[in-house]
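Here are my notes on the model you sent. They go through the chain as a whole, then the core, the hairpin and the charged pairs.

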Amino acid sequence: CRKSRVNNGWLYGTPDLVVAKRFGRRIHVGEYKSRLYNGHIKDRELYQVTLYMGLAINSNPRNRVTGSLRYRDKLVSVPFKKKLYEDLLSLRGEALNAKQHGVAPNPKPLRARQCRPITMTVNCWYLDSLALLSVQCGKY
């Protein structure tokens, strides 16, 4: 079994898990994390899965794309947020500049640059039961 790569021509990624259901037009992108789930998704984890989902959507626009983070003790469903994906893609120039010069041109994190908070509801599958958990995920 080989890992599937997602890309948009200049941004490439290899999620830990890609499951495609051809006839149901579904793609699921998953990432494994070695830490225990503490009730919060870290920004970088959310950004990583969001980028993978967005790239999968760009490659397969007619498919329904879902995402999840698998922690050592829980499986957390991550909804796709188009605005977050677009904001992440807009950082390309900054990332290239930072790589070239060794310092971020704007040290303010993406979360702090946003203007309105949004509550994100995620599905949490516990090893022994199913529960719906509402968490604050910064501005997304």
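**Notes on the model**

1. Surface. The accessible surface of the chain comes to about 9,000 Å², and carbon and sulfur atoms hold 52% of that. Areas were computed by the Shrake-Rupley method with a 1.4 Å probe, and for residues only the protein chains shown count as cover.

2. Basis. This is a predicted model, in which local features need pLDDT of at least 70 and side-chain atom pairs count only at pLDDT 80 or more, while totals for chains, interfaces and linings use all residues. Residues are numbered from 1 along each chain as its sequence is written, and side-chain values use heavy atoms, with hydrogens and water left out.

3. Fold outline. The chain has four helices and eight strands. Their order from the N terminus is β-β-β-β-α-β-β-α-α-α-β-β. Helices (H or I, at least four residues) and strands (E, at least two) are DSSP runs, numbered from the N terminus.

4. Of the 140 residues in the chain, 33% are buried. Buried means under 20% relative accessible area, exposed means over 50%, and partly exposed lies in between (1.4 Å probe, protein chains only). Among contacts in the chain with a separation of 6 or more, 57% are between residues 24 or more positions apart; a contact means heavy atoms within 4.5 Å.

5. Nonpolar core. Which residues touch the most other members of the largest nonpolar core? They are Val 29, Ile 41 and Val 78, in a core of 21 residues. Two or more residues come from each of E4, H1, strand E5 (64-70), strand E6 (74-78) and H2. H1 gives the largest share, seven residues. A nonpolar core is here a set of buried Ala, Val, Leu, Ile, Met, Phe, Trp, Tyr and Cys residues joined through side-chain atoms within 4.5 Å. In soluble globular proteins, nonpolar side chains tend to be buried together.

6. Val 78. Not counting residues up to four places away in sequence, Val 78 touches Ile 41, Leu 46, Val 49, Met 53, Gly 67, Ser 68 and Leu 69.

7. Hairpin. Strand E3 (residues 17-21) pairs with E4 in the antiparallel sense over five bridges; two strands pair if DSSP finds at least two bridges between them. The two strands form a hairpin with four residues between them, and Arg 25 in the turn has a positive phi of about 50°. Lys 21 stands opposite Arg 26 in E4.

8. His 28. This residue is in strand E4 and is partly exposed, with a relative accessible area of 23%. Leaving aside neighbours within four places in sequence, His 28 is in contact with Leu 17, Val 18, Val 19, Thr 66, Gly 67 and Ser 68. His 28 and Leu 17 are 11 residues apart in sequence, with their C-alpha atoms 7.7 Å apart. The side chains of His 28 and Thr 66 make a polar contact of 2.7 Å. A polar contact is a pair of N or O atoms within 3.5 Å; within protein, one must be able to donate a hydrogen and the other to accept it, and residues adjacent in sequence count only if both atoms are side-chain atoms.

9. The structure holds four salt bridges, each defined as a side-chain nitrogen of Lys or Arg within 4 Å of a carboxyl oxygen of Asp or Glu. One joins Glu 31 and Lys 33 at 3.9 Å, N to O. Are these two residues buried or exposed? Glu 31 is buried at 4% relative accessibility, and Lys 33 is buried at 18%.

10. Glu 45 and Arg 35. These residues form a salt bridge with the closest N and O atoms 2.9 Å apart. The pair links distant parts of the chain, 10 residues apart: Glu 45 is in helix H1 (residues 43-59), and Arg 35 is in the loop between strand E4 (26-32) and H1. Glu 45 is buried at 4% relative accessible area, and Arg 35 is buried at 17%.

11. Helix H2. Lys 83 and Asp 87 meet in a salt bridge of 2.8 Å, N to O. They are four residues apart in helix H2 (residues 82-89), and so are separated by about one helical turn. Asp 87 is buried, with a relative accessible area of 11%.

12. Arg 113. This residue lies in helix H4 (residues 110-113) and is partly exposed, at 28% relative accessible area. Arg 113 and Asp 87 are 26 residues apart in sequence and 10.0 Å apart in space, C-alpha to C-alpha. Leaving aside neighbours within four places in sequence, Arg 113 is in contact with Leu 91, Glu 94, Asn 106 and Lys 108.
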